[in-house]
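Student: I am new to this structure and would be grateful for a guided discussion. May we go through it step by step?

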Amino acid sequence: MTTALAGGSLPVYRWRLAPDGLATRRQLRALGLRPGGQDVAAELQRPRRRQGPLIAYLYRIDAAKPVRPMTPGRWAALARANRARRICPACRRDAGYVIPTLLGACVPCADPN
């Protein structure tokens, strides 16, 4: 079932009815691919009862490019970012876990009792 959007540019497919050769970003990533700058090829819509439909964008698998490999610099930047998420802003110690954004501090600082 293919219908056109109001703009008429993208085909729209219902949930689980997309043709072969199209994939979402997550599906591309599972295949070791990335969109690679290509435009969205189609939309996938999943209806919901009380809200508008969930929309996922589909990309052509044949135009996708391989995922770029992680370089030592990227690994180091990722390690620094993860370490920063473990540092408590109140006591400045490494909590040993990612600090919940809801608390904003490690558990001992957030709940002194």
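**Helices, cysteines and strands**

Tutor: P72 is exposed, with a relative accessible area of 72%. Please keep in mind that the model is a predicted one.

Student: In which helix is the place of P72?

Tutor: P72 is exposed. The helix that holds P72 covers residues 72-86, and its name is α2.

Student: How far apart in space are P72 and G104, C-alpha to C-alpha?

Tutor: In sequence, P72 and G104 are 32 residues apart. In space, the distance from C-alpha to C-alpha is 30 Å.

Student: How many disulfides does the count come to?

Tutor: A disulfide requires two cysteine sulfur atoms within 2.5 Å. By this rule, the number of disulfides is 0. C88, for example, is in no disulfide, as its nearest cysteine sulfur, that of C106, lies 3.6 Å away. The count therefore rests on the cut-off of 2.5 Å, and it comes to 0.

Student: Which cysteine holds the sulfur closest to that of C109?

Tutor: The sulfur of C109 has its closest cysteine sulfur at 3.4 Å, which is too far for a bond. The residue that holds this closest sulfur is C106.

Student: Is C88 buried or exposed?

Tutor: Buried means under 20% relative accessible area. The relative accessibility of C88 is 0%, so C88 counts as buried.

Student: What is the relative accessibility of C109?

Tutor: C109 counts as partly exposed, a class that lies between the limits of 20% and 50%. The relative accessibility of C109 is 31%.

Student: Which residue in β6 is the bridge partner of L22?

Tutor: Strand β3 (residues 22-23) pairs with strand β6 (residues 54-60) in the antiparallel sense, over 2 bridges. Within β6, the bridge partner of L22 is R60.

Student: Where does R16 lie?

Tutor: R16 is a residue other than glycine with a positive phi, near 70 degrees. At 73% relative accessibility, R16 counts as exposed. Its place is the loop between β2 (11-14) and β3.

Student: What is the phi of R92?

Tutor: R92 is placed in the loop between α2 and α3, and R92 is exposed, with a relative accessible area of 60%. Although R92 is not a glycine, its phi is positive, at about 60 degrees.

Technical notes
Residues numbered from 1 in each chain as written. Predicted model: local features only at pLDDT ≥ 70, side-chain atom pairs only at ≥ 80, totals over all residues. Heavy atoms only, no water. Buried < 20%, exposed > 50% of the residue type's maximum accessible area, 1.4 Å probe, protein only. Pairing = 2+ DSSP bridges. Helix = DSSP H or I, 4+ residues; strand = E, 2+ residues; numbered from the N terminus.
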